[in-house]
Amino acid sequence: MSKKIFHTSNFHSFIQLTFVFFLIFCGGGVIYASPLYIPGQTLTPNCLPSDPDCTVQLYGASDVAAAIAGKEDTINKSTSVIADGTSDTKYPSVKAVKDYADSLVSGLLNYRGAYDASSNIFPSTGGSADDGSVKKGDTWVLSVAGTLGGISEVVGNTIIANIDAPGQTTANWNTLNTNIGYVPEDSASKVTSISSSSTDTQYPSAKLLYDQLALKQDALTSGTNIKTINGNSILGSGDMTISGGSYGPGNLLNISGGGTGATSAQAALANLQGLPRLYVTNYGAKCDGQTLTDITTTSGSPVISSASYQFTGKDIGKLITIYAGTSVTKTAATYSNFVSGLPNGTGIFVGQQVVGSTIAPGTLVQDGFTAVYTGASSGVQLSKYLMSGSPSTSVTFVNPINTTIISVSGGNATLNTNMIYANSAGTAMATFGTDDTAAIQATDTAAVASTVSTTGGGVVTFPLGMCVISSSIIVDNNVSFVGLGAGKSIVKWISTSDMTNGAFVTNGGVYPKLVTLINNQWRDFTIDLTAATDATYSVSAKAILFQSSQESVVDHMEIINSPATCVATDGAMGSIVTNNMLYNCGRLAVNGAGGNGIGEGVSGSNKEGYVLSNNYIVNPAHYGIFLEAQSSSTLVGSATVTGNTIIEGSLSTSSDGTPTGGIGNSGSIGMTITGNTITGNGNSQAWYGINQDGGTLNSGAGVQSVIAGNYISATAGGVLVDYSGAAPSGTLKANLTISGNVINKTVGNGQLCSGCGIGIYGKTTGTAMSGVNINGNTISNNGGPGIAFENPASNVIIANNILTDNGLTTGTAYRQAGISIDSNISDIIIEGNRAYDDTGSNYQKYGLYINTSKTLTSATITGNDLTGNGTGSVDLLGTVTASSFQNNMGVDLGTLFTMSGCSATSATGGAKAGSYASGTTGTCTVALTFNGATGLSGTVPNGWSCTANDLTTPADVIHQSASTTSTATLSGTTVSGDVVNFSCQSY
């Protein structure tokens, strides 16, 4: 029987070969030449060919070997094309091939044809899956528009499935909008000419538009809607006369080229719009100045070097200034104000550097200066220069040296002057650049020729960078100077000659100025005069000097280290100086001569109306803002000084006794000084915050002013009003209001009214000053008295002020009071003030102090709270003739009244009220005499009005029967021992 054997097509070769080997090795080596096994046959072992059931025909050994050699080995079959992709031996199964092929097309877009979207749903059939479902990457192009996922789609848009079976979820589909979304112009409709037959379908070329606009006239042809001026149409040729306006403070009128015609800087700026702008670089200016801070110098050598900059041939001929270049000796007599005991290094560098200073070499200090030497003294002068100690005879300073570069070699520059100071550390500072003076002057000349009106005018414009000048720029009518911003556009003075005139001056640079100029503006650039030197101080060495000028504007400027006043506007009518930053003005000024931040010379014109506002002024030599009379005529000029910040410092000093400070007025009538912040940083050399001074030419100047809402701190004094010099005959009508100011921490310096919060010095000769209203100020922690009157005055009001903790500087009781009176005053009201000391040290001794031999007449002293002071409420050493002295907390009006008549006894009470016991039964007449406290007389201008009652027998009537300026008489019927109570009021 034959035996059935399990087999598959994949294993038929294996079975066949096994069977052959079986016959060879087990069948006795007999080999039959029968056909090989065919799958499906029944194998009969050990059969012979003659056996009809034998289905396998055996072959010879060679045939078997050949058959085996032609077959693949199944161990080399691979199920992963990727895993076995590097083998040339293995072969893949069919499934491995299919899987690999499928993976190659994964993620590819599969275009499925056009799609009709009118059904408003995404495709759900026609996809690439075997069953036609949608798979990731299936793509259709819309042939009919529709709304898919709530979004309107147009023909030509493409939709793509993001995932398999995306369904109707919008997020599962991407849409490509291939339509441009508008109807494009047909280029065939573009035309290059127009006529009456042109249509709305056509559109013009750019050249056609230009050509057509060029044919239009630049003037109006119809006046139907044109405004007129005083009834005259502006159309037509020729000049137009403008009349009907007025000119004066607060009502400026000028519309000619470059002028302000305005009462504010912003309005003035608008007047520059439309004027021709002339750029200095178009007239030859290089504006290539630069500053190096690592210059190395050698004593006795003209060669300098820099680690950060290699000098080249382009630098030959440039002006250069080197700080720490030469020295100058100043005597101790010239600079005598010293403060000892300060820490080493205290002070401010302002252009000169000091041999022997207490700052270590290389230390960077204010304004970019670098110390050049070191010393050991602990004393420092707070003055124009930074000094060490108290010099005995002289002090040597290191000055800037101004010269030119004459050659360059190896990256080093050779100068026209030898250095005398060695700075091998490479920490000296130098500024150099091409001299642009002539180019800037040429730009001014061109601006004059720019005719925009009958007077001409233009705007000289500075670029970004530093333009170097070596002499004054002469400014002409209607020319303005404008940069691209302070600190961005810089004009730097470098000159081999001393500075004797201003950087920008008007009227040909002649000082004083006699010719009136109009309509000049300076805006948005920096003027740096750090390198300016002087052999003899020149008061005209200012940054901007426009005297006898009308309607000039200085706005958003930065001015650094001007030798004299930064901005001088002597006799300038309708000036506006606002929003400027002014540092170290008057750097080289001597005592009592110029050197202010802003200086206004009042010349007597009734058209002078100044606006000085929102300026930031640091470290002026004398005043931050100063107005001074230029003639002895009666002055009517006025000024508004508001919103300025003035910080006094080491320059603010005057050893010759000339007052200095934040704001000074000795020339202008009708000043309005409001909202300014003034601080002296505790420097005793920084004098008054605000000084209202009659001046040397006309001590009547400065009256009729308002000083209100200012903050003054850490100066030598707060507000000083000083008319103690020669004055006009008769009464000086000051009409001065000082209100709402905050004044604190004045330090005192031994000068006039040292440390006073508010000090009033009237006339010493002739009739007294009249009209001072001091109201609502807060005055605290000052070195001297809160409010002080030193010279005669009349019509004075001191009301509603808060006076605390004053009198910090050790001194007399007069100097340590809230309100101190050391002068004769008539018609004075002292009312509603609060004066106290809460420091715990009782510096403020009295709330009110009236000094010996001083008299107040027609005085009303009521409603004050004078409690809580160190020694007492009131110290009345002088005399007060009081029409009213009452309701003052803490004030004892005087000793007990005295009486005579009626055998009265047992007096109790005070100066003008109390009680007594009658010693008479029947008619009783008592004469009362009123005794004031020391200095407070019982004498009143007219008399006394009294009321009285018999407390023991109320039915008894007591009435007043007589009155004098010092007594009152009471009469009535009493019983001996009755107690009578009374109260009397002066009138």
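Trainee: In which strand does V491 lie?

Mentor: In this predicted model, V491 belongs to strand β27, which spans residues 489-493.

Trainee: Why does V491 count as buried?

Mentor: The limit for a buried residue is under 20% relative accessible area. V491 has 1% relative accessibility, so it counts as buried.

Trainee: Which residues does V491 touch, not counting those up to four places away in sequence?

Mentor: V491 touches F462, C467, I469, F504, F525, T526, I527 and D528. What makes each of these a contact is that heavy atoms lie within 4.5 Å. With C467, which is 24 residues away along the chain, the C-alpha atoms are separated by 4.8 Å.

Trainee: Which residues have the most contacts inside the largest nonpolar core?

Mentor: That core has 99 residues, and those with the most contacts inside it are F481, F504, W522, I527 and F789. I527 is in contact with V491, A503, F504, A543, I544, M557, E558, I559 and I560, leaving aside its neighbours within four places in sequence. A second, separate core has 17 residues, including Y916, I958, L970 and C984.

Trainee: What makes C566 and C585 a disulfide?

Mentor: The sulfur atoms must be within 2.5 Å. For C566 and C585 the S to S distance is 2.0 Å, and a disulfide joins them. The torsion about the S-S bond is -95°, and the link is left-handed. C566 lies in the loop between β35 (558-560) and β36 (567-568), and C585 in the loop between β38 (581-583) and β39 (598-602), so the pair ties together parts that are 19 residues apart in sequence. Both cysteines, C566 and C585, are buried.

Trainee: How many disulfides are there by this rule?

Mentor: The count comes to five disulfides. One of them is formed by C902 and C924, with sulfur atoms 1.4 Å apart. The value about its S-S bond is -130°, and this link is left-handed. C902 sits in the loop between β67 (898-900) and β68 (905-909), whereas C924 is in strand β70 (residues 922-929), so the pair ties together parts that are 22 residues apart in sequence. C902 and C924 are buried.

Trainee: Why is the disulfide of C946 and C984 called right-handed?

Mentor: The sulfur atoms of C946 and C984 are 1.9 Å apart, and a disulfide joins them. Their torsion about the S-S bond is about 115°, so this disulfide is right-handed. The pair links distant parts of the chain, with C946 in strand β71 (residues 944-950) and C984 in strand β74 (residues 979-986), 38 residues apart.

Trainee: How do you know that C984 is buried?

Mentor: The relative accessible area of C984 is 3%, so it counts as buried against a cut-off of under 20%. C946, with 10%, is buried by this cut-off as well.

Trainee: What makes β71 and β74 a pair of strands?

Mentor: Pairing needs at least two bridges. Seven bridges join β71 to β74, so these antiparallel strands pair. The bridge partner of A948 in β74 is F982. Strand β69 (residues 913-917) also pairs with β74, in the antiparallel sense and over five bridges. There, A913 stands opposite S983.

Trainee: What is the strand order of the open sheet of four strands?

Mentor: The order is β67-β70-β73-β72, with antiparallel pairing. What makes β67 and β72 (958-963) edge strands is that each pairs on one side only. Neighbouring strands of this sheet are turned by 30° against each other on average, direction ignored. β67 and β70 pair over three bridges, and T898 has T929 in β70 as its bridge partner.

Trainee: How many helices and strands does the protein chain have?

Mentor: The secondary structure comes to six helices and 74 strands. Of the 987 residues, 48% count as buried.

Terms used. Residues numbered from 1 in each chain as written. Predicted model: local features only at pLDDT ≥ 70, side-chain atom pairs only at ≥ 80, totals over all residues. Heavy atoms only, no water. Helix = DSSP H or I, 4+ residues; strand = E, 2+ residues; numbered from the N terminus. Buried < 20%, exposed > 50% of the residue type's maximum accessible area, 1.4 Å probe, protein only. Core = buried A, V, L, I, M, F, W, Y, C linked by side-chain atoms within 4.5 Å. Axes fitted to C-alpha atoms, helices over the stretch in contact; angles between N-to-C directions.
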